[in-house]
Amino acid sequence: MSMRRRVVTVSLAALLFSTGLLAQKKGEKKQDEAQKKEIQSVVKVVDDVANGQPAPNDLSLTWVREDFLKAQGNKEYVPFTIAVDPSKVAGGNVALYWRVVAKGSGATAAAPAPAAKDDKAKDDKAKDKKTDYAYEDISFVPVAAGQNPMHISRSFTVPAGDYDVFVVAKEPIPTQKNAPPSKMSVLKQEVTVPDFWSGELNTSSVIIAQRIDPLPAPLTPQQQADRPYALGGMEIQPALDTKFTKKSELSTFMLIYNPKTDSANKPDVLVEYNFYAKAGGTEKFFNKTQPQNLNAQTLPPQFDLAAGHQLQTGQAVPLASFPEGDYRLEIKVTDKIANKSLTREVNFTVSPS
């Protein structure tokens with residue numbers, strides 16, 4: 001089976017992304033007053049839902065997907081995608097706010113109301129309460145014409161663990177008197193973030209890519225925040241479902257974490273891609289691609305895990321030879337030095353058009 005393999009040296013530093021952007025936005029003296037009001041408004045909306053009020057869904061907000069990759073400082077990087085109905089949004093943009101709360105932290109409810117200026121103890125307590133959130137941020141997203149639903153990808157960086165992710169999408173605050181209130185949606189998504197810092201063989205999510213583009217230049221911090229699937233010198237456009245036509249290809253991307261290395265800090269990893277056809281509740285072997293050997297002979301000479309380089313695997317497999325139907329891709333990763341292996345799976349469907 002023919003396929004294309006992409007080899008890109010990705011540095012761990014490329015996955016160190018900015019946190020605390022919301023605090024910066026709140027503190028900017030020159031920030032537009034309208035945006036300040038929007039921030040206060042969406043934070044209150046999430047506080048109300050966290051305290052038990054019903055979650056509105058005027059804009060048909062849905063959670064589409066999340067992925068997990070290793071970041072720095074014993075944390076994990078979680079890009080995610082949501083969808084809204086742009087036809088329901090009045091105005092040129094939508095405010096998107098997300099709050100990540102560790103389960104059992106006691107921080108789900110709203111923070112205490114701001115204290116009086118002369119009450120320093122209460123003011124310090126309020127500040128401490130806000131730091132209990134694992135992550136929070138806000139983005140003002142232009143509404144894309146001709147795209148329904150409109151997909152928006154953002155990210156957060158947290159330690160491994162179980163979290164509640166609150167997301168609110170909201171129309172701008174009306175500027176005219178007697179205008180109807182802003183439409184908004186709020187969702188709560190439970191997310192379990194794996195631990196890539198345990199030292200055990202592991203992998204990132206298997207990201208199914210619509211395409212992978214090289215980046216001609218590094219992104220600015222704002223561009224990186226708006227395009228969370230930009231990793232190092234490339235940008236992944238993730239596929240939003242796993243239904244493909246025979247004219248397309250199945251393109252995968254995955255990072256392999258914590259393989260053992262030889263004296264030159266080179267791994268010796270074998271990656272096998274096996275395809276199984278599913279029918280009638282059973283499956284049978286369909287085909288496989290040539291195994292990938294990731295070792296001192298095949299990796300770039302400068303590749304060095306100790307320097308923060310990451311081990312990448314991925315293939316782009318044309319689906320023209322696949323009969324219509326359902327399939328399971330099994331990816332087996334074997335660390336030859338440690339004599340350990342693991343498997344990852346992707347279920348997908350091939351249709352005529």
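Trainee: How many bridges join β5 to strand β6 (residues 135-142)?

Mentor: In general, strands of a sheet pair through backbone hydrogen bonds, either parallel or antiparallel. Here β5 and β6 run antiparallel, joined by 8 bridges. This is a predicted model, in which local features need pLDDT of at least 70, side-chain atom pairs count only at pLDDT 80 or more, and totals for chains, interfaces and linings use all residues. Residues are numbered from 1 along each chain as its sequence is written, and side-chain values use heavy atoms, without hydrogens and water.

Trainee: What counts as a strand, and what counts as a pair?

Mentor: Strands (E, at least two residues) are DSSP runs, numbered from the N terminus; two of them pair if DSSP finds at least two bridges between them.

Trainee: Is strand β5 (residues 93-102) mostly covered or uncovered?

Mentor: Buried means under 20% relative accessible area (1.4 Å probe, protein chains only). By that criterion, 8 of the 10 residues of β5 are buried, and the strand is mostly covered.

Trainee: Which order do the strands of the open sheet have?

Mentor: The order of the 4 strands is β6-β5-β8-β9, with antiparallel pairing. β6 and β9 (184-193) each have a single partner strand, so one side of each lacks a neighbour in the sheet. Strand β8 (residues 161-170) is joined to β5 by 8 bridges, with Tyr163 of β8 opposite Ala102.

Definitions and conventions
Buried < 20%, exposed > 50% of the residue type's maximum accessible area, 1.4 Å probe, protein only.
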